[in-house]
Amino acid sequence: MIGSSINSIVRELPTGTRLVAVSKFHPIEAVQEAFMAGQCLFGENRPQEFAAKVPAMREYLQEKGLNEDSVKWHFIGHLQTNKLKLVLPYADMVESVDSVHLLESIEAWGRTNEKVINVLLELHLGAEDTKGGLTEKEIYETLEKAGTYPHVRIHGLMGMATNTSDEAVVREDFRRISSLMSSLKERFPSLTEFRELSIGMSHDYRIALEYGATLVRVGTKIFGERVY
Ligand SMILES: *Cc1c(COP(=O)(O)O)cnc(C)c1O
């Protein structure tokens with residue numbers, strides 16, 4: 001089940017686009033099953049769960065005599081600055097940098113721990129006031145002074161479309177982040193690592209591919225409904 005879902009999604013992805021299998025709320029056995037089907041990149045959105053699953057998978061790989069680093073982890077949820085130590089030692093990327101304050105805290109953590117953290121900047125999309133994320137202006141300003149964050153490597157943008165069944169609204173969200181991505185690449189050509197666009201989830205990843213997604217974050221369509 002898990003394996004066939006992964007394979008059918010991966011087959012739809014153009015070259016250069018990667019699947020982040022979102023395993024949140026699912027047991028480690030589900031991650032192992034996905035790994036055995038060839039999936040090596042996973043996403044989690046809660047610090048505690050993230051900090052438990054990463055070492056559990058390392059142990060599993062070790063027992064199998066496999067390279068512990070063959071599984072990569074992206075953190076995709078809201079990250080409070082008092083939880084950095086649960087996430088940053090293990091994360092191959094933090095996709096959800098949703099405030100300048102968080103970015104600065106990650107930079108400080110990286111400096112202290114002599115580590116460079118890979119991140120995406122999360123653009124605030126959709127109408128809901130509660131949803132986090134940076135404004136376009138904040139993203140421009142951040143990239144203008146990217147050099148002042150030597151312990152952070154900014155790889156691109158992440159966004160979550162408005163949660164609606166109205167496809168036109170979803171398309172407008174993806175169009176906006178995709179066009180921002182293009183403008184930023186043009187405006188900051190020296191930031192050669194700035195190339196990832198993480199958009200699309202189970203219900204809208206096919207649409208996201210039309211707008212240049214290089215990462216799609218899919219949970220339910222792989223692992224089934226989550227039990228909260
Ligand atoms: C849970 C989650 C996903 C995956 O959602 P599905 O609808 O289960 O595919 C993607 N991105 C983020 C940020 C998430 O929190």
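By the ring-pair rule used here, this predicted model holds 6 aromatic pairs. That rule takes the rings of Phe, Tyr and Trp (its six-membered ring) as paired if their centres lie within 6.5 Å; planes under 30 degrees apart count as stacked, over 60 as edge-to-face and the rest as tilted. Two of the pairs are set out below.

| Pair | Centre to centre | Angle of planes | Type |
|---|---|---|---|
| Phe25 and Tyr228 | 4.5 Å | 75° | edge-to-face |
| Phe42 and Trp73 | 5.6 Å | 35° | tilted |

Let's start with Phe25 and Tyr228. Phe25 sits in the loop between β1 (18-22) and α2 (28-36), while Tyr228 belongs to the segment after α9 (220-223), so the pair links parts of the chain 203 residues apart. Helices (H or I, at least four residues) and strands (E, at least two) are DSSP runs, numbered from the N terminus. Phe25 is partly exposed at 25% relative accessible area, and Tyr228 is exposed at 69%. Here buried means under 20% relative accessible area, exposed over 50%, and partly exposed in between (1.4 Å probe, protein chains only). Phe25 also has Arg46 over its face, 3.7 Å from the ring centre; such a charge counts if NZ of Lys or CZ of Arg is within 6 Å of the ring centre and within 35 degrees of the ring normal.

Now for the other pair. Phe42 is in strand β2 (residues 41-44) and Trp73 in strand β3 (residues 72-75), so their contact ties together parts 31 residues apart in sequence. Both residues, Phe42 and Trp73, are buried.

A note on the numbers: residues are counted from 1 along each chain as its sequence is written, and side-chain values use heavy atoms, without hydrogens and water. Because the model is predicted, local features need pLDDT of at least 70 and side-chain atom pairs count only at pLDDT 80 or more, whereas totals for chains, interfaces and linings use all residues.
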